[in-house]
Amino acid sequence: MGCTTLMMTLNLDHIGQMSCNPAIGGIGKGHLVKEIDALGGEMARAIDETGIQFRILNTKKGPAVRASRAQADKALYRMRMKRVLENCPGLMLRQGSVEALIVEDGQIKGVETQIGECFFGRKVILTTGTFLKGLIHIGDRNYSAGRAGDFAVHGLSESLVGLGFKVGRLKTGTCPRLDSRTIDYSELAVQDGDEPPQPFSFSSHGVVQRQVPCHITYTNSRTHDIIRSAIHRSPMYSGVIKSRGPRYCPSIEDKIYRFADKDRHQIFLEPEGLDTVEVYPNGLSTSLPLDVQVEMVRSIKGLEQAEIMRHGYAIEYDFFEPTQLYSSLETKLVKGLYHAGQINGTTGYEEAAAQGIMAGINAVLSLRGEEALVFSRDQAYIGVLIDDLVTKGTDSEPYRMFTSRAEYRLLLREDNADLRLSAIGHRIGLAGEAEYQRYQGKKAAIDDLIQYLDDNQLNADGETNARLESIGKGPLHNPTKLSQLLRRPEISLSDIRVIYPDMINCSRDVDSQVEVTIKYQGYVNRQNDIVERFQKMEDVRLPEDIDYSQISGISREVREKLLRIQPRSLGQAARISGVTPAAITLLSFYLKKRKSA
């Protein structure tokens, strides 16, 4: 976007390093990646160039919850991202550990490293991952680290606390890595990727890497007995780790105890790359001692002789309560300071990337003197993510994105992310001209095809019904518009092309978009009506100088939450946990009274 930028990182060789599973996307997460791509971000292009298995999840379900996921070649992804950053105009890279912030009169001025170097800038974005006072746990042993092989950072947490920020501790974990040469794949189920593989990026020229299969195995009663007998040696169950981990990505210890009725748990054996023998056993995250990890792994079918190349571990780290942020991700305590990623209590590459691109965009817009870019909950999953963080916080467990978090998920599909956001990305100067032209061409093609389907019809004659019969569909009894025929659940656009040979040709993504638009138009219209009703509350802005103590009838608890979060609108205030409908009514009356005074 034209600003001279310095990126400081602990190790320049670890740019783009995938600390946990070597994959991008998934349920809810794939939506974020598509939105990042539509805005002009890099993640989708990176996985398209380095992905070694692509799959669309939830294909048997509705379009709102279908999601893309791809295995990455871990080393290629890292090298590719480093190359992109090194060749980015206006971006400078520097290795160093930021240990303190330089703040004057509530305004950020720069950062100071562990060796006393000072770097000054008008905006600072902290994207600290799991490195703030990171503590790795393996059984009864623990040591300071940001992740295995990297140092932790201690001074920065203390600097933030000294500025008045509220700090907390969270926990996450990872699996042991296995040597593929010691795995017996002969009796394991093979999981192939989609053919042809569907790329993530809307501007992609296709998938370029050789595609490889994953394999599926399962834990068993012996595995569970091994874990139960050693549970007292797990730091999570011995009381050594007191912080909460991600509920939706539990350790194998958690699975055994939380789902005691299950006699097995699925394990996906995912290759870490084309030129490595390391395998990631997805579903086997653990912090048990190494001897127990070995016994546990070897109790699983196909892994009887498996060798562990890297141990699994849990890691505790500091995060800072995201209710201390505005929706722009700028902090309320220090002007010009932004937080993005796990420092806000989220988990996952995609959630971090979504926050990172928005913090960067809003830092630049602020320098330009322009209004912050804040997506509403009906505009983007990014909007849902950030609104949840700044409104509800993440003090109980790391936040992970799911489609279920979005009230308007039929409007926020993966397939229409470019139609929702590309024009915005182009307007702010992030998405390029080529991407914008592609978006305009797609939009025009969609409009043309919808109009064509509305303008043309099928006669209920013998020839038409014979074609319908040839593809196993029921006959027509009356002349029917093509668009009306497409609304039938059992009829697809490819069927219509068989029935109506003169049909205009379009690309696959245009066909898909048109089919969803027409088939789900009624549902979409209903969601749009709901959005319109709720938008009235979002449009009621709350003044920055509002004095909640002057509103009679509101409880002390509600008043404290409103003061702490400082919602920007009546709608956001209504989404704060514990703020009752009665309190919103009183707040609304107060605003009307204030306006008329």
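**Pockets, cavities and charged pairs in a predicted model**

At 0% relative accessibility, Ser569 counts as buried (buried means under 20% relative accessible area, exposed over 50%, partly exposed in between, with a 1.4 Å probe and protein chains only). The model is predicted, so local features need pLDDT of at least 70 and side-chain atom pairs count only at pLDDT 80 or more, while totals for chains, interfaces and linings use all residues. Residues are numbered from 1 along each chain as its sequence is written, and side-chain values use heavy atoms, with hydrogens and water left out.

Ser569 is placed in the loop between α17 (556-565) and α18 (570-575); helices (H or I, at least four residues) and strands (E, at least two) are DSSP runs, numbered from the N terminus. Its side chain makes a polar contact with the side chain of Glu538 at 3.2 Å, and a polar atom of the Ser569 side chain lies 3.1 Å from the backbone nitrogen of Gln572. A polar contact is a pair of N or O atoms within 3.5 Å; within protein, one must be able to donate a hydrogen and the other to accept it, and residues adjacent in sequence count only if both atoms are side-chain atoms. Leaving aside neighbours within four places in sequence, Ser569 is in contact (heavy atoms within 4.5 Å) with Met537, Glu538, Val540, Arg541 and Leu542.

On a 1 Å grid over the protein atoms alone, a cavity is a set of points where a 1.4 Å probe fits but cannot get out, and a pocket is an open set with protein on both sides within 12 Å along at least five of seven lines; lining residues have an atom within 4 Å of a point. Grid points are joined across faces, edges and corners, and a volume is the space filled by probe spheres set on the points. The second largest pocket has a volume of about 1100 Å³. Its lining holds 37 residues, of which Tyr326, Ala372, Val374, Arg541 and Arg568 lie nearest the centre. Helix α8 gives the most to this lining, with 3 residues.

The structure holds 3 cavities of 30 Å³ or more. The largest cavity contains about 70 Å³ of space, and its lining includes Val374, Asp387 and Arg568. The largest share of that lining, 4 residues, comes from α9. In the second largest cavity there is about 50 Å³ of space, lined by Asp37, Ala38, Phe202, Ser203, Ser422, Glu435 and Arg438.

The count of salt bridges comes to 40, where a salt bridge is a side-chain nitrogen of Lys or Arg within 4 Å of a carboxyl oxygen of Asp or Glu. Glu435 pairs with Arg45 in one of them (3.9 Å, N to O). Arg45 lies in helix α2 (residues 43-50) and Glu435 in helix α11, so the pair ties together parts that are 390 residues apart in sequence. Arg45 is partly exposed, with a relative accessible area of 22%, and Glu435 is partly exposed at 27%.

A salt bridge also joins the side chains of Glu272 and Arg177 (3.2 Å, N to O). Glu272 lies in the loop between β16 (266-271) and β17 (278-282) and Arg177 in strand β13 (residues 177-179), so this pair ties together parts that are 95 residues apart in sequence. Both Glu272 and Arg177 are buried. Salt bridges that share partners join Arg377, Asp387, Asp388, Lys392, Glu407, Glu538, Arg568 and Arg575 into one network.
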